[in-house]
Amino acid sequence: QYHVEIEIIIYWSNEDNAFIAEVPELHGCMAHRETPEKALENAKDAIQFTHKYFSITSQCRFATAPSRR
């Protein structure tokens, strides 16, 4: 087993009217909730999902369709 530190940045978004928890190391991985604690909890869930997704997909072979150009 290994230990990895992942940065999570939490900030308030006026546009979303919520706290955002953003994970810079995982492009597009973020969560938003009404409290910083809930946003952090959701971000941790998103990190775990992302890790499981890439662990599974790294073992798969993907077929690509030919370009229709």
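**View 1. The whole chain.** Two residues are in contact when heavy atoms lie within 4.5 Å. Among contacts in the protein chain between residues at least 6 apart in sequence, 16% join residues at least 24 apart. This is a predicted model, in which local features need pLDDT of at least 70 and side-chain atom pairs count only at pLDDT 80 or more, while totals for chains, interfaces and linings use all residues. Residues are numbered from 1 along each chain as its sequence is written, and side-chain values use heavy atoms, without hydrogens or water. The protein chain has one helix and three strands. Along the sequence, the pattern reads β-β-β-α. The protein chain has 69 residues, of which 17% count as buried. Buried means under 20% relative accessible area, exposed over 50%, and partly exposed in between (1.4 Å probe, protein chains only). The accessible surface of the protein chain comes to about 6,200 Å² (Shrake-Rupley method, 1.4 Å probe; for residues, only the protein chains shown count as cover). Carbon and sulfur atoms hold 52% of that surface.

**View 2. The open sheet.** In what order do the three strands stand in the sheet? The order is β1-β2-β3, and the pairing is antiparallel. Strands β1 (9–13) and β3 (30–33) stand at the edges. Each of these edge strands has a single partner strand, so one side of each is left without a neighbour in the sheet. From one strand to the next, the twist averages 25° (axes are lines fitted to C-alpha atoms, for helices over the stretch in contact; angles run from 0 to 180 degrees between N-to-C directions). Look now at β1 and β2 (residues 18–22): they pair in the antiparallel sense over five bridges. Two strands count as paired if DSSP finds at least two bridges between them.

**View 3. Two rings across two strands.** Trp12 stands opposite Phe19 in β2. The structure holds one aromatic pair. The ring centres of Trp12 and Phe19 are 4.9 Å apart and the planes are at 70°, so this pair is edge-to-face. Rings of Phe, Tyr and Trp (its six-membered ring) pair if their centres lie within 6.5 Å; planes under 30 degrees apart are stacked, over 60 edge-to-face, the rest tilted. Are these residues buried or exposed, or partly exposed? Trp12 has 38% relative accessibility, so Trp12 counts as partly exposed. Phe19 is partly exposed too, at 22%.

View 4. Asn17 is found in the loop between β1 and β2. Asn17 has 57% relative accessibility, so Asn17 counts as exposed. His32 belongs to strand β3. His32 is exposed as well, with a relative accessible area of 51%. In sequence, His32 and Asn17 are 15 residues apart. In space, C-alpha to C-alpha, His32 and Asn17 are 9.1 Å apart. Which residues does His32 contact, leaving aside neighbours within four places in sequence? They are Ala18, Phe19 and Ile20.

**View 5. Thr50 on the helix.** Helix α1 spans residues 36–57, and Thr50 is found there. Thr50 has 16% relative accessibility, so Thr50 counts as buried. Set aside residues up to four places away in sequence, and Thr50 touches Leu26 and Cys29.

View 6. How many salt bridges does a search of the whole structure find? It finds two. A salt bridge is a side-chain nitrogen of Lys or Arg within 4 Å of a carboxyl oxygen of Asp or Glu. Arg33 bridges to Glu34, with the closest N and O atoms 3.4 Å apart. Glu34 also meets Lys38, side chain to side chain, at 3.0 Å from N to O. Arg33 is partly exposed, with a relative accessible area of 28%. Glu34 is partly exposed at 45%. Lys38 counts as partly exposed at 35% relative accessibility.

Terms used: Helices (H or I, at least four residues) and strands (E, at least two) are DSSP runs, numbered from the N terminus.
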